[in-house]
Amino acid sequence: MFYLEFERPILEIEKEIAELKRIAKDNLEVWGEIRELEERAVKLREKIYLNLNRYQKVQIARHPDRPHTMDYISSVFSDFVEIHGDRSFGDDPSIVCGFATVESYKIVFVGEEKGRSTQDKIFRNFGMPHPEGYRKAIRVIKLADKFGLPVVTFVDTPGAYPGIGAEERGQAQAIAESIKTMLQIAVPVIVVIIGEGGSGGALAIAVGNRIIAMEHAIYSVISPEGCASILWRDSTRSKDAAEALKLTAQDLFEFGIIDEIIPEPLGGAHRAPDVASRYLKEYLVKNLRLYENFDRKKVKDERHSKFRKFGVVIE
Amino acid sequence: MLFKKKKELEPPKREIPEGLFVKCTNCGEMLYKAVLEKNFLVCPKCNYHFRANVEVYKALLLDDGGFSETIASQLESDDPLDFPEYKAKLKQAQASTGLREAAIAGVGTIGGLEVVLFLTDFRFLGGSMGSVYGEIFFRACETARDRNLPLISVTSSGGGARMHEGIFSLMQMVKTTMGVEILNERGLPFISVVCDPTMGGVMASFASLGDLNIAEPGALLGFAGPRVIEQTIKQTLPPGFQRSEFLMQKGFLDMVVPRREMKDTLIKLLDYLGVKHGRS
Ligand SMILES: [Zn+2]
């Protein structure tokens, strides 16, 4: 398990407990000490995790052990069938598409995947899609529309990839087309921000009838690092930038951008991935239930009215 | 990812400095400023396109040099995030440009053809897209629908979505795309004219979705800023990368049209797209 800087005190106490357990055998006095430490650990975890500042939330959203799309595909869905390629340039492993089943619901799935091992991260390009990734998403979203299947997307990306090939192949155009396609389809779209919602690269697959976020997810127009370097010419002021950007699931809920927050186990989904999966599944099913026997025109109109309202202007 | 440092968005060469004369940074020619302005900020010697503002485009494109009516011009930005320095920056931008926001829209005629024209101004916070910008674009689309008019947008938006309004700015990418969809549903033309620079969330939404996408020569166009790309790939970008000519070569622009020919080109295209005189 990887510990973040602010989690150090928890690591210390957990280490101490483990060490005592190793030597305790049937020494009742030591076991008493262990119990005491465990109580302290619970309080400490609560103290730390229930008072996270925004940048600490960013760190949890990006935590290396946090469950990713592929983890949830195996724990939340059954009968997943992957669909590859954009039928034009290639297959982008940063975006995973396919058919999936959750309880009685058959859906079309689109999700961003950051990768786990070093090799896998490189293969997934750290979850930063190229245009062909968005074009693959567009293709399967149209497929869902044609066959009347709800679309479920999982958002987890630092952003669309900023590279030469990505620009040459029209990153901007691919994102614009993806947004347009998501507006055009007449099936329900459930968006779940499971980790990092990085700007346009996230939005491209996040035009939903329902937009829900996990408790420690973030969603922002720009990364705190990028914001800090523009605002203060100092990327180390990410903490201040995260505060300014108001990018946590809780902020977004307050702004009315997201509809619901999926609770996570204390300390984040990576602390108890099975619990996190269970919550995610529960919320997903709950939201899919809202659209049983949906009316094609109604779901499209609902999506449009939702996004029509986003924005704050003085009239 | 949508944002780039101001420094790279604003290469000093594009700006018109104070004084009677301007040195063209492309060819070095000393240009009498009044002459340059009369030429819509295009160097008469080498055809270099200086960055232009909404006033220049109004004069360039509209028959009467202005709108017959404006759209949603009363809208003003709020500060929904209580973002550091945002209010002051807005005030400063308003004072220095005389504009209320980075975007304006109105109805006017181009070669006698009535159109809805949407313009953005780089001088106003880099022409970035916040809630008001998105709302004006959307209402411009609604006006085009209600009056059965084509829409032409001319963008110069370096920063893409405006950081200071956070997630609300990002959502304007969807709102503006919805605007384009209104026109598509009615079969009304939408021509996107992209000028230096059009990047990030603006390029990744409505500006890429024209029935026709047209660029001025040499404009910086793309998703990620050149500096962000260089930092990511740790190498220098080739000359001409993300410029209009590059984009056309890669297949993402229909044409590159010099500023002085823009109006005639638009009139011709609107005619092909079935726009008739006195349609409204
Ligand atoms: Zn010149």
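Does R87(A) count as buried or exposed, and at what relative accessibility? In this predicted model, R87(A) has a relative accessibility of 74% and therefore counts as exposed, the cut-off being over 50%. The residue is found in the loop of chain A that runs between β1 (78-83) and β2 (95-102). Its phi is positive, about 60°, although R87(A) is not a glycine. In chain B, N47(B) is likewise a residue other than glycine with a positive phi, near 70°. N47(B) belongs to the loop between α2 (33-38) and α3 (54-61) of chain B, and at 40% relative accessibility it counts as partly exposed. A further backbone feature of chain B is the cis peptide bond between D196(B) and P197(B), with omega at about -15°. P197(B) is part of strand β8 (residues 190-198) of chain B.

Strand β6 (residues 210-214) of chain A is largely enclosed by the rest of the structure, because 5 of its 5 residues are buried. The side chains of R210(A), I212(A) and M214(A) point one way from β6(A), while I211(A) and A213(A) point the other way.

The contact between the chains involves 53 residues of chain A and 62 residues of chain B. The two chains bury about 5000 Å² between them, and 72% of this area is on carbon and sulfur atoms. Between chain A and chain B there are 14 residue pairs in polar contact. On the side of chain A that touches chain B, helix α8 (residues 171-184) of chain A gives the most, with 10 residues. The residues of that side comprise 29 nonpolar, 13 polar and 11 charged. The chains are also joined through strands: β9 (residues 313-314) of chain A and β4 (residues 76-77) of chain B run antiparallel and share 2 bridges. Within this pairing, I314(A) has E76(B) as its bridge partner.

Side chains of opposite charge can pair when their charged atoms come close. Over all chains, the structure contains 40 salt bridges, and the count between chain A and chain B is 4. One salt bridge is formed by E315(A) and R139(B), whose closest N and O atoms are 3.0 Å apart. This pair joins two chains, since E315(A) lies in the segment after β9 of chain A and R139(B) in helix α5 (residues 131-147) of chain B. E315(A) counts as exposed, with a relative accessibility of 56%.

Within chain A, D156(A) and K114(A) form a salt bridge with the closest N and O atoms 3.5 Å apart. The pair links distant parts of the chain, 42 residues apart: D156(A) is in strand β4 (residues 151-157) of chain A, and K114(A) is in the loop between β3 (105-112) and α5 (118-123) of chain A. Both D156(A) and K114(A) are buried. They belong to a network of salt bridges that also links R62(A), E196(A) and E225(A). In chain B, D121(B) forms a salt bridge with R123(B), at 2.7 Å between the closest N and O atoms. D121(B) is buried, with a relative accessible area of 0%, whereas R123(B) is partly exposed at 37%.

Terms used:
Residues numbered from 1 in each chain as written. Chains lettered and ligands numbered in written order. Predicted model: local features only at pLDDT ≥ 70, side-chain atom pairs only at ≥ 80, totals over all residues. Heavy atoms only, no water. Buried < 20%, exposed > 50% of the residue type's maximum accessible area, 1.4 Å probe, protein only. Helix = DSSP H or I, 4+ residues; strand = E, 2+ residues; numbered from the N terminus. Contact = heavy atoms within 4.5 Å. Buried area = accessible area lost by both parts, 1.4 Å probe. Salt bridge = Lys/Arg side-chain N within 4 Å of Asp/Glu carboxyl O. Polar contact = N/O pair within 3.5 Å; in protein donor to acceptor, adjacent residues only side chain to side chain. Nonpolar A, V, L, I, M, F, W, Y, C, P; charged D, E, K, R; others polar. Pairing = 2+ DSSP bridges.
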